[in-house]
Amino acid sequence: MQYRIFKLALILLLLPLVSVSGLSVIRAAEPPAPPADFRAEDVPGDAGTAIDLFWTLSPDDQPDLKPRKVLRYVISRKEADNEESKFENIGEPTYRVNTFRDSNCEAGTPYLYQIEAVGQESLTSKPVVLNEPVIASLQWFNLQRSWFAVFVVLICGSVIVFIRLARSGKKLKVRKIAGLEAINDAVGRATEMGRSCLFVPGIQDINDIQTVAGITILAQVAETTADYRAQLEVPTSRSLVMTTARDTVEAAYLSAGRPDEYNEDDIYYITDEQFGYVASVTGKMVRDKPAACFYMGAFYAESLILAETGNSVGAIQVAGTAMPTQLPFFVAACDFTLIGEEFFAASAYLSGEPQQLGSLKGQDFGKLIGGLLLIAGCLIMTLSSIQSRGVAPDNQEPTYLQSASNYIIENILGKGGFK
Amino acid sequence: MKRTIPLLISAITGFVLIGTAFIPLFVDWGNIAMSWFNLLAAFAFILGGGNLLKMQLQKISAQQPGWGYAAVTLIAFFITLFVGLAKVGVHPNVKFPEFAWSGDYLQEDGVFWWLFEYIFTPLSATMFALLAFYISSAAFRAFRAKNTEATILLIIAVIILLGRTYASVWLTGWFPDEFIIGESGIKYSDFNLQNLSEIIMEDFTTPGMRAIKIGIALGVASTSLKVLLGVDRSYLGSDQEA
Amino acid sequence: MKQSTLIWTILMVAGGAFLLFQASKGNGRVYVREIPVEAQASQPEGEEQVYRWTRYQQVTEAEKGEPDVRFSLSRTLGLWVAAFSTLAIFSFLYGDNPIYKFTESVFVGVSAAYAMVVAFWTEIMTNLYAKLLPGLARITFYPDIDSTARPDYLYLIPLVLSILLLWRLSPKGSWIARWPLAFFIGATAGIRLISYLETDFVGQLQSTVMPFIVFASDGSLLWIKSLRNTIFIVGVVSCMIYFFFSIEHEGVVKYISRLGIWFLMVTFGASFAYTVMGRIALLSGRLVFLFNDWLGI
């Protein structure tokens, strides 16, 4: 009897609690409002495989609501032409995100997209469908890169034109670079002292353009060592670099008329690993004490180890690299450093061939275009900011200068393409 | 003749890949070519490894000074190679235990893993750490300011170095936070070492790096064209038989 | 005995005694927890086949007394090998010596073979063997390949190129090895031309275009920002002028290119100093390994 009263009291107590909380659960679990302004665009400049979707966030998608009313959005798509196709889920961007790229489209197929907002307990909003189907189209030419194509044509064209001009006998003067003049002296010194020359073509493989540039410099240095009858050692960190370097040095010795001096064992492979390689090379430097060390190619942290060890054995060191992070160390530790572009110009300088010097003029032309464009852009932006100072930025038609500076930044130097 | 076909191959490949950069349907060809390169480099190990063996064996057979170390290199090489290729000590993949060789070659507790963890990694890390000594000796020697350029290098390096450590707070942290001239926007504290370091990095280092990169880009373009047009064909070796 | 030899001998003996003492105290040991693994055969043939082995997981010394934890000889040996190799490399700073030469030889051998093993398993096996012969690959090394996978014949191209390359070893016709090299050098040239011109030429120019004079939204001149912008633009242009090859550095050009070189020196000095802290951190990492992990100090 007492137990029954107790049970009744418990139920009477719990019932309102349960119903209130139940009501509140029911009240809280409302589906979120749907997103608005749903639109789709073909991604420009692609092979017809992607479509971009944009929408305005659901009004329930607020950042400070707790618990969140919108957890994610669900995007589905179906083929517009196919009567029997159904909407299939293709992606679920999270809350506060209002774009999505569908990268699995087939070119030329019209698609319809649908978006729903999903809240607590997987309750979904009303689905919003596109008004009209969108087609991903294949572009044969990426128009976003049209201005970039202009740059490529201009720069490559100028290099080619100047090479042609140089071939036809026009004399070209170039300024002196101290490091390159020093190479001959360094090799001569090594011959006098009876010590070897060491050439390190970087630690990257032949698929790095810096290694290719280093190998072309090796060809010139090898001709010099062949002339002077100095010993040249080329330890390499990659098998393919060893192969290419052997061909290069052999050719250089042949063209210098000293094929018998060529010893293919002087160009050898050590190990691919950066620090194993440099441990071996520095050990060799300390034991064999080369009189001239050349570091030409792509280097990473080991650059300083090589340069400092070379210093400790008293070698003349000439370095060249296009790794901006290693330039400070070479500049601090080596006698001469070819900085960035000078490194790429080195083989042209050393060969002295007119057509190679012509390519240098092409590079200068590229710098000229770049510099003029930069200054023009800066001047236009300056004039534009003077003109529109003090004017409220919103609700104004962009002035001529503003649109000009925008065009330079977004289209000429950006991905805007011709517009 | 021996160089003509390779030159043609090189030129056609290069110019095609330049063109495909602008054609969306073929824009991936460059990446595919580079992934093939990794395979070629893997096979090229036969050439490099063969050369390594040949050099060390020559040293041993000619009894050159230091031939003992060549023997050590060979022994270490062969042990590692065998252990890695045969996956010695590697347990099979938990999902497919009946396939004895399905485990990862670098699985913990395998012999190859032991060599990697206790020889390869510590030795690499130690060589890397040697840089601390080398950078100090380089700084000590190079910054004996012999000319204007070295002086600038030295002063800037000292400012940045101090600015990145606690010394900057101790030395210049007391610069007041007030404006120098009325509303000019410059405060005394802008000249403390920390802020000075930031200003140097943003306003002086960045333009320098940008100009270097611009120059490098043009140098790369020029080198690439010389290679593709055959103006610089030294990498291909010679036309004649040696 | 020479004085220096005597000093070195005393140092070595003292060092050795210290190490023995530390080792006897129980420092420099590695403990592992045994984790038994039970794996079901994925394709039971008749009887259920269950394979069992033990996995080991390294634990800290604090967990020494726990039931599954035991002393691991191989890892402890490894730790001591690593510690001695580290000291051997540091000894190079004093000068070339037999211990360093020995360690260097081991390092070269192990690292060369390591690179080859990695290339074998990640490239030749995964990217060539498994792609061209998926069926065979599935029953040998890669049981997780989809059983319906078809051979990808595109991978025949790199295979052919590699064979051409290896022809170099043959006494006749080794010139054909130049063809794959030419292919890839040409490919490199083409790809890098585009990527460098896009990011490092056009991209850098785009980031640098900025107004010389900047105004605030109320029309007042922000002269500090304007000064900074101007310095920036002057810096980039003067460095570019320094790099010109066809103009001699005379007259006006001489002064501008001097300014450019000064900017470059500031850049290099800053980069140099920026890296110093990082390198010292590397050294302290190795010292922590030696003193903490090995010696337990």
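This report describes the sheet, the helix packing and the salt bridges of a predicted model.

## The six-stranded sheet of chain A

In chain A, six strands are arranged as an open sheet with parallel pairing, in the order β11-β10-β9-β12-β13-β14. The edges are formed by β11 (267–269) and β14 of chain A; each has a single partner strand, so one side of each is left without a neighbour in the sheet. On average, neighbouring strands of this sheet are turned by 15° against each other, direction ignored.

Strand β13 (residues 316–321) of chain A pairs with strand β14 (residues 336–339) of chain A in the parallel sense, over four bridges. Between β13(A) and β14(A) the chain passes through helix α8 (residues 327–333) of chain A, and this β-α-β crossover is right-handed. Within the pairing, G320(A) has L338(A) in β14(A) as its bridge partner, and V318(A) stands opposite F336(A) in β14(A).

## Helices on the sheet

Helix α3 (residues 178–193) of chain A packs on the sheet and touches β9 (197–200), β12 (292–296), β13 and β14 of chain A. The direction of α3 makes about 140° with that of β14(A). Helix α7 (residues 303–312) of chain A lies across β9, β12 and β13 of chain A, and runs at about 165° to β13(A).

## Helix packing and buried residues

Helix α9 (residues 341–351) of chain A packs against helix α10 (residues 354–387) of chain A at an angle of about 150°, with the axes 8 Å apart. Because angles over 145 degrees count as roughly antiparallel, α9(A) is roughly antiparallel to α10(A). On the side of α9(A), the contact is made by E341(A), A345(A), S347(A), A348(A), Y349(A) and S351(A). The residues of α10(A) in this contact are Q356(A), L357(A), L360(A), Q363(A) and K367(A).

In helix α11 (residues 400–412) of chain A, the residues L401(A), S405(A), I408(A), I409(A), N411(A) and I412(A) are buried. The cover over the buried residues of α11(A) includes α2 and α10 of chain A together with α6 of chain C.

## Salt bridges within a chain

The count over all chains comes to 27 salt bridges. One of them joins D102(A) and R77(A), whose closest N and O atoms are 2.6 Å apart. D102(A) lies in strand β5 (residues 99–102) of chain A and R77(A) in strand β3 (residues 72–79) of chain A, so the pair ties together parts that are 25 residues apart in sequence. D102(A) is buried, at 4% relative accessible area, and R77(A) is also buried, at 17%.

In chain C, the side chains of R70(C) and E34(C) form a salt bridge with an N to O distance of 2.7 Å. R70(C) belongs to strand β3 (residues 69–71) of chain C and E34(C) to strand β1 (residues 31–40) of chain C, so this pair ties together parts that are 36 residues apart in sequence. R70(C) is partly exposed, with 35% relative accessibility, and E34(C) is partly exposed, with 31%.

## Salt bridges between chains

E198(C) and R145(A) meet through their side chains in a salt bridge of 2.3 Å, N to O. This pair crosses between chains, from helix α6 (residues 178–208) of chain C to the loop between β8 (134–135) and α2 (146–167) of chain A. E198(C) is partly exposed, at 21% relative accessibility, whereas R145(A) is buried, at 15%.

A network of salt bridges links R246(A), E264(A), D265(A) and K54(B).

Methods: Residues numbered from 1 in each chain as written. Chains lettered and ligands numbered in written order. Predicted model: local features only at pLDDT ≥ 70, side-chain atom pairs only at ≥ 80, totals over all residues. Heavy atoms only, no water. Salt bridge = Lys/Arg side-chain N within 4 Å of Asp/Glu carboxyl O. Helix = DSSP H or I, 4+ residues; strand = E, 2+ residues; numbered from the N terminus. Buried < 20%, exposed > 50% of the residue type's maximum accessible area, 1.4 Å probe, protein only. Pairing = 2+ DSSP bridges. Right-handed = clockwise from strand over helix to strand, strands pointing away. Axes fitted to C-alpha atoms, helices over the stretch in contact; angles between N-to-C directions. Parallel < 35°, antiparallel > 145°, perpendicular 65-115°, else oblique. Contact = heavy atoms within 4.5 Å.
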